[in-house]
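Keep the sequence and the model side by side while reading.

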Amino acid sequence: MGLLLVITVLILSLAGCLSPVELDANGYVVLIGADRGVNKKYYFTLALQRELAEQNTESEGGAIALACEGDSIFEAVNELEGNVPYTLNFSRTNFIVISRELAEEGALRELVTTSFDSLRVRTSAVVLVTDGEVSEFVGGMYANNDANISKLQSALMLDEEKTGMVSVMSVSRLLEANAEGRFDYCTALGSYDDGIITDMEQKKTESEGKNPLGYVEKGDRVGGLKSLVSGTALFSGWSMTGELTREETVFLNMAVGDFKSGVITLEYRDGSTVSVLLSMGSVKREVDFGAEGVKAKLRVRLYAAAHLADEDISPRDMDEWLTGDLARFLEGRLYEVFEKCRSAGSDAMRLGTELSKRFGSAEELEKFGWREAYRGMSAEFIVETVNVDKYVSERMQ
Amino acid sequence: MPQKRNNRSLFAFDEGDERFELLETERGAPEKQTGWNDSHKKSRKAGAIPRSVNAAEKLLRETFSPEINPDLIIRRFRTGGGTEALIAYMNGMADDAKINEFILKPLMLCNDKKPDAESLLMGVIEISETKRETSMEKAALDVMDGVTALFIEGEKECILLETRGFEKRSIGPAENETTVIGPKESFTESFRTNVTLIRRGVHTKDLIVEPRPSGGRNNTRLALVYRKGFTNPELLDEVKRRLDGIAVSDMPGSGVLEQLIEDCGWSPVPQILQTERPDRACSHLMQGRVCIVVEGSPFVLLMPVTLFSLMNSPEDVYLRKPLGTAIRLIRYAGALISVMLPGYFLALALYHQGVMSTEVLSTVIASRKMVFEPMGAEMIILLMIFQLIREAGLRVPGSIGQAIGIIGGLIMGQAAVAAHLASSVVLIVVAASGLGNFCIPDYSLQISAAYMRLAVVISAWMGGLLGMVAVTLTALCHLASLKSFGVPFLAPFAPKTYRKRTLVLRGNIGMHERADDYANTADDAEIWEEA
Amino acid sequence: MNLKQGRIGVFEGVCLAAAALCVNGVFGLDPEYAYSKGNSTYLSLPLALMLALEIMLLLIKAAERTGSRDLAELMTDCFGGVLGVILTIPVLAGFVFCAARPMTAFLEVLHRLIYDGVGYTSILAYVIPVTVFIAWKGFESMGRLAAVFAGIMLAAFVFAAVSAAPDFEVYRLYPLIGEGPGRFAAFTLSELVFFIPPLLGLLVNAKGLSGLAFVKKISFRAAIFAAVICGVTQLCVALIYPYGILSGLLMPLYRLNFLNLAHSYALRLDKIFIMIWLNGCIITAAYCIYSAALLYSKLFRQRDVTPAAAAFSLIVCGTVLAKAGKSFGFVYTADRFLTRYGAAAAAFPAVSAALVGLIKKRKVKA
């Protein structure tokens, strides 16, 4: 037995350590940003988690931003590592922000496919496209003095998941969309909002006697990812080909089934405005193809509740409006969004996933050529709205 | 025998059953023994009791050298009828008052002209426990043990009278296996007291206290305690065979005996349970296990044991089911934390940082800002210091021991963090692991868990989670191959056996109707017969 | 309770065989081959397992008929000394394959995704000594070890699957049986190479399992259990990644939680899970090495199985290194060939022995 133990210890000793790295020898990159470079192909911005001891200082929150130009991310990382006293570790990277310009050129393909496994970035990381400078957007994301970036990121995502008002997808889905071609990728389109005040600005405005957001005492950002997002970037394959507004994004999510709940404000019959609280019921999608092309039929069921500010509107009228006019309005909007996606050549509504169920073999599916068929596709949207208040009042009676 | 087992046994697992010392392949029952030792057998003829008192005195003087060994008291006297007689006993071991009042006085007043052993025992001597002995060797051994030997002129046998009266420690509360609820008694160094404590707990007719030779030249008294007809006879024979195989110069107590009869001597894990609690011993006896009581040792040995029986505490059954279950779960969690937590933390910190959340990462980095040694070394140093404090606390008297714990744990820890010798996070991990270690009820298992923890830490430092896998799998493979008197150490889980009792959770007391299946008691035999 | 040395009970036997079957079925697959033209592994793997079980049951029947106590005896009883030994060579190769294939997959994952820049040899130096130690410790320890880890491995899988469940999408399963019936059948048959050797291992160790009756019981239970686990695992994977992604993915089960952003610690346990499953891989390798060594020892009447175990360990180690490091092109080609057509070689001795045994006149041995 002793002999066996000695042999084991010897073998392990010969194998040696598997290159341990001390925790503080790493800099943990929580976000990668990519802009068009001036001298080189890309301008990378990396946001690193600032360690606790440094966070008491007057700084831009819990992040350290590193920036560097490079023809690839490896070159930039190499350059940066030479200038910082730690190794960059990407295992906690949760966001990848890319400028609109690069997204339209299809740069994501290079960035995502070549770097992910090598840098050990998890493919669950989220891609955001931003108007304007990425570095500015990144700064805005963390400029609220929040010590815990991870929690901030988590809060941003949680907000998105809860409401379904923003469309965000991970790198996994991007890879899936491009490997399979059953649908097209779309993700949040960010924009840096000057209205969002930072701690520094808060102090400045307070000293000047004006507070742009009076109810915000400490100057922290209110809200989640929505406040940083202006809409949705539509992709066709690897390239960004169009965009949706923030309002249109809600309809896109309704068609996909990702929408949870939200408020839309509409004009009532008499010209007054009504706020309607919508929450998702179900989505049924049918896509079929025949001699006349591909046809899609989407049945969306939503629950609606309206705030009756005007006492003249009777509950019966409102019920009729909610289940009739509102449903038709939503159908129209859904179709508009579909048209917009189709004109961008982007199957952001993921109708191709339904169509793939119609094929008997992988070869047939691959031969079909979904992208061509999608361009000539017709769609029908049937919305059913259920007045939630009606049931409530009935029950009360 | 285990200690003589050939090293090749490891490399011969496919050889025939005869290579293994098994319960199933035993070579018949072991030799029958009748007393504490068998040394008298070799010289029985030479040591026969002489008929003459003078010759007996001469033999005693030759044996004990009273001229230089004043402990032996030889008292010659005449009975009331004028017959020569002699008593011999050890000063301090026997009760003088008892000898004077109930042996010497009645004998001196006895007017029988020609008294023999029979008549004296029947009508004169006022001692309850007596024995007639024809072997001088055995008589001498009993005299050394506090018995008084009475030699009568013309008698070919002597009378051994129970007069033991040496000083002994009184029964006190258990020091190592303390419980809040439950009996407060513990075993003492007195053999007789220990047997009495067991008998008080097991009121069954089948309880046997069988004296066996210990194998030590110091003739330590030792007895097997078991339930005849209930305990697996093959297990009993195996225990006896292992006891018979012992030949050592000195048998100081149960700790040494344990090493001499256990299955795997080099294993860090105990394969025999040492307990100081009579209630625990009784409970195990009722489960069909064998107990060995050793003179001079406040611990008794119980066998066979499994990992799960070592992890049980007597308190589990004294508490109600939900509470007992909760405590047991905490204990297992504590044991797991004790062994795995430092290594796991180190593996994540050095190799798999992505698993840790950013909050933890930044907290640990901040706490290690000025610490000079690598985290692996820091962890090992802190673990060693923890062991030092623990050892120091154990070896010094009670109140000072407590002070050492406080100084070591609180003041040194705080000072080490302040002086940047250790980081607060690693200190917390080590402290949690140390606390978890104390949850393990068995002392030997505690120590093995502490050293296993060190192995896990080193492997995690070397190879991260992969290193941990290598070490834990090797250790578990060892545990899986380990046996305690033929019973697999991981039973009743691996191998899975029939059991009504829950393993980790404490089930209903009603489930305790049958003994554990692996004990192969008479109950099992009945069940098999019925089947 | 039976306390006989060197023997294990039904529970341990089922755990050991099921672990070996599951590890081979889940981690041994060649993704390039398995998912290139659609994914129906969640159906084909259970089907292949049932086929392998059928072959095994035939073999047991043949062994009962010829009075053979284990596979070595059955082979010599059916084919005689020389032919028996020759026909046993593919079986031995099958054991080596089933030990090496999953280990290679784990080695690749450890090398490429978990340990940055660490060589294959260094990683293998942590894995092989433990494998050899378990193989040397024998069947009893191995069985118990499998029993200890079975629950943990299952719990890790259930946790991974449940946490990934919100991302399951049914459309990813389509086109159902995307390969078409012909390729589906061929693929199902090719998967026999992963399942026949672990089941044959039970027959090799028939004495350790207390006889053929228990081997039959254990084979049946293990195969059913493994069919469920393999099927469910592959279904979970198929619900997360469509075939187009899977064909280029290294160990998809490892990436079950990679679809959506996982902030919480619990959802980032993939590295821990891979280590838990690695335990299963090591036990499987030890089981295959031990079975091969025991079969060899019995055929060549060796009393001590350890030299053969050491030799087979070396072969497995060499194969894994050569395959993982891609240092020898022929090993890579052989591996590709075996994953596609190895089933024929694995099934041939077993099926022929079963047939000969069933045709032969009934014999009763003393």
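A salt bridge is a side-chain nitrogen of Lys or Arg within 4 Å of a carboxyl oxygen of Asp or Glu. The model shown here is predicted, and the pairs below are read from its atoms. In chain B, Arg241(B) forms a salt bridge with Glu238(B), with the closest N and O atoms 3.2 Å apart. The two residues sit three residues apart in helix H7 (residues 233-244) of chain B, so about one helical turn separates them. Buried means under 20% relative accessible area. Arg241(B) therefore counts as buried, at 12% relative accessibility, and Glu238(B) counts as buried because its relative accessibility is 0%.

Glu336(A) forms a salt bridge with Arg333(A), and their closest N and O atoms are 2.3 Å apart. About one helical turn lies between Glu336(A) and Arg333(A), because they are three residues apart in helix H10 (residues 315-343) of chain A. How does Glu336(A) count at 45% relative accessibility? Glu336(A) counts as partly exposed, whereas Arg333(A), at 11% relative accessibility, counts as buried.

Back in chain B, Glu210(B) forms a salt bridge with Arg212(B), the closest N and O atoms being 3.2 Å apart. Both Glu210(B) and Arg212(B) are buried. Salt bridges also join into a network that links Glu57(B), Arg61(B), Arg76(B), Arg78(B) and Glu84(B). Over all chains, the structure holds 57 salt bridges. Side chains of opposite charge can pair when their charged atoms come close.

Next come the nonpolar residues. In soluble globular proteins, nonpolar side chains tend to be buried together. The largest nonpolar core in this model has 226 residues, and those with the most contacts inside it are Leu466(B), Leu71(C), Tyr115(C), Met275(C) and Trp277(C). Helix H12 (residues 270-299) of chain C supplies the largest share of this core, 21 residues. From chain B, the core draws at least three residues from each of domain 2 (169-305) and domain 3 (331-488). A second, separate core has 96 residues, including Val171(A), Tyr268(A), Val294(A) and Tyr243(C).

Which residues does Tyr115(C) touch, not counting those up to four places away in sequence? Among them are Leu18(A) and Arg120(A) from chain A, Tyr351(B), His352(B) and Leu466(B) from chain B, and Leu110(C), Ile123(C) and Met275(C) from chain C.

Chain B can also be viewed as a whole. Its 531 residues include 55% that count as buried, and the chain has 18 helices and 12 strands. Among contacts in chain B with a separation of 6 or more, 68% are between residues 24 or more positions apart. One of the helices, H6 (residues 191-201), has Phe191(B), Thr193(B), Asn194(B), Val195(B), Leu197(B) and Ile198(B) buried. The buried residues of H6(B) pack against strand E6 (207-211), strand E7 (222-227), helix H9 (278-286) and strand E9 (290-294) of chain B.

The surface is the last stop. Chain B exposes about 23,300 Å², and carbon and sulfur atoms supply 59% of that area. A nonpolar surface patch of about 430 Å² is made by Val180(B), Ile181(B), Val317(B), Tyr318(B) and Ile509(B). Val180(B) lies in the loop between strand E5 (158-161) and H6 of chain B. Val180(B) counts as exposed because its relative accessibility is 68%.

Notes:
Residues numbered from 1 in each chain as written. Chains lettered and ligands numbered in written order. Predicted model: local features only at pLDDT ≥ 70, side-chain atom pairs only at ≥ 80, totals over all residues. Heavy atoms only, no water. Core = buried A, V, L, I, M, F, W, Y, C linked by side-chain atoms within 4.5 Å. Buried < 20%, exposed > 50% of the residue type's maximum accessible area, 1.4 Å probe, protein only. Helix = DSSP H or I, 4+ residues; strand = E, 2+ residues; numbered from the N terminus. Domains from an automatic or database assignment. Contact = heavy atoms within 4.5 Å. Patch = residues over 30% accessible without salt bridge, like charges linked within 9 Å, V, L, I, M, F, W, Y side chains within 5 Å. Areas by Shrake-Rupley, 256 points an atom, 1.4 Å probe, with all protein chains shown as cover.
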